[in-house]
Amino acid sequence: MDSDKKTVLVFSDDLDKALAAFILTNGAAAMGNEVTMFFAFWGVNLLRRPSGGMPAGSRAPGSVARMLTRGPAHLRLSKWNLGGLGPILIRRLMRRANVMGLQELITTAQEQEVRLVACTMSLDLFGLSEKDLVDGVEFAGVATYFEYADQANVNLMI
Amino acid sequence: MDSDKKTVLVFSDDLDKALAAFILTNGAAAMGNEVTMFFAFWGVNLLRRPSGGMPAGSRAPGSVARMLTRGPAHLRLSKWNLGGLGPILIRRLMRRANVMGLQELITTAQEQEVRLVACTMSLDLFGLSEKDLVDGVEFAGVATYFEYADQANVNLMI
Amino acid sequence: MDSDKKTVLVFSDDLDKALAAFILTNGAAAMGNEVTMFFAFWGVNLLRRPSGGMPAGSRAPGSVARMLTRGPAHLRLSKWNLGGLGPILIRRLMRRANVMGLQELITTAQEQEVRLVACTMSLDLFGLSEKDLVDGVEFAGVATYFEYADQANVNLMI
């Protein structure tokens, strides 16, 4: 176990939880930590390409994958949605407080060499393929998550 | 602290979170870890007997315990319920992707000698008795949780 | 890393999750652990002064801060709200089972010298000032969270 390794297991695709996950990750990375984020279940949606349609080569069967949120720009809050107003309000508050938006936080994580790993079982579950996710993502299962977690001294789940 | 011990604290009884908890647990157990799951608050509902009615000897006062979800077959999702369609859809997706159902995941956990511990304070809170839970469950409080967590190197909460 | 240090990162301001966070914290503290609670995002609302109005000197702009829950007495459940009946029912069940209420749990945490730290970025986000929170709270950012987490052997997030 190394005191400079961390993992963040991202189960949720709620906007507020995604922001928290990336703010924690980027903070830890800025302090010199090697951080691995593992995206499982709804969390894989955070890494979906921003394109509206399904990319060519996707084996997403449409009906299911289309019902899920598609990437950072389309997320809802875990609460306080206020009929769609909540996410708009949070984004406005973030700009006012100079907090980075989610897309910017993801880019910063990648610039800081945070490892982004998507759970292959979750992709299978939702009928998504590796091509549906943004570039620079690794693909692995639960065993890989625990290999990283075993080496880290802080393992968060959200 | 041992690198082959893990704990998973299950606070939620949402179907999606329960699946994640047991998939992580069973994965860790398959890798040779001793895993303890501690079920607190809503989480104790995951361990309720599948029988519809209250078993004889239960001191569940009915009105409250009846309002809570009763075991793996009756869970809702943390989101995307779609008026009851969501859980049906997720179960269908799971079969298609060859992911075990929750009941099967619980059985596998028990076969792998995962320790299932139900929080006695939570049982008290909901007016449930030990007899309301499935066989093979241990009963303990928060102090026992930390005894296991202190020995583990990965402690997750969902 | 010390086996007698713990951190609890409180992201949520749901009543049920707040109760779980403080019951775990107080349990760990009673066992001799030094516990640091870090309140981020919605979690900062748990520490708001119980007063209905904004205190003098608050720079909360009203419109946003007024929409958020104000302190322990006003929380909702993460589920099972039942149109406002859920929180009342949970509080009744807690009294019946002799479980402390949230305000009492917070007071007990402070008596046990649990460190309560509020995330300054979250306060900024919601337009809250340090004066809006109860006495005895410290203020810090993500780097401070990881300083405490690095020293602890159990780090929970809820």
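Predicted model: local features only at pLDDT ≥ 70, side-chain atom pairs only at ≥ 80, totals over all residues.
Biologist: How much area do chain A and chain B bury between them?

Modeller: Chain A and chain B bury about 2,300 Å² between them, and 76% of this area is on carbon and sulfur atoms.

Biologist: How many residues does the contact take from each chain?

Modeller: Chain A gives 26 residues to the contact and chain B gives 29 residues.

Biologist: And how many salt bridges are there between chain A and chain B?

Modeller: The count is three. One salt bridge joins the side chains of B:Lys6 and A:Asp150, at 2.7 Å from N to O.

Biologist: Where is B:Ile88 placed?

Modeller: B:Ile88 lies in helix α2 of chain B, which covers residues 85-96.

Biologist: Now chain C. Which residues of helix α3 are buried?

Modeller: In α3 of chain C, residues 102-111, the buried residues are C:Leu102, C:Leu105, C:Ile106, C:Thr108 and C:Ala109.

Biologist: Why are they on the same side of α3(C)?

Modeller: They are on the same side because the arc they cover around the axis is only 160°.

Biologist: What do the buried residues of α3(C) pack against?

Modeller: The buried residues of α3(C) pack against α1 of chain C, residues 15-30.

Biologist: Which residue just after α3(C) takes a positive phi?

Modeller: That residue is C:Glu113, with a phi of about 60°.

Terms used
Residues numbered from 1 in each chain as written. Chains lettered and ligands numbered in written order. Heavy atoms only, no water. Buried < 20%, exposed > 50% of the residue type's maximum accessible area, 1.4 Å probe, protein only. Helix = DSSP H or I, 4+ residues; strand = E, 2+ residues; numbered from the N terminus. Arc of directions from axis to C-beta. Contact = heavy atoms within 4.5 Å. Buried area = accessible area lost by both parts, 1.4 Å probe. Salt bridge = Lys/Arg side-chain N within 4 Å of Asp/Glu carboxyl O.
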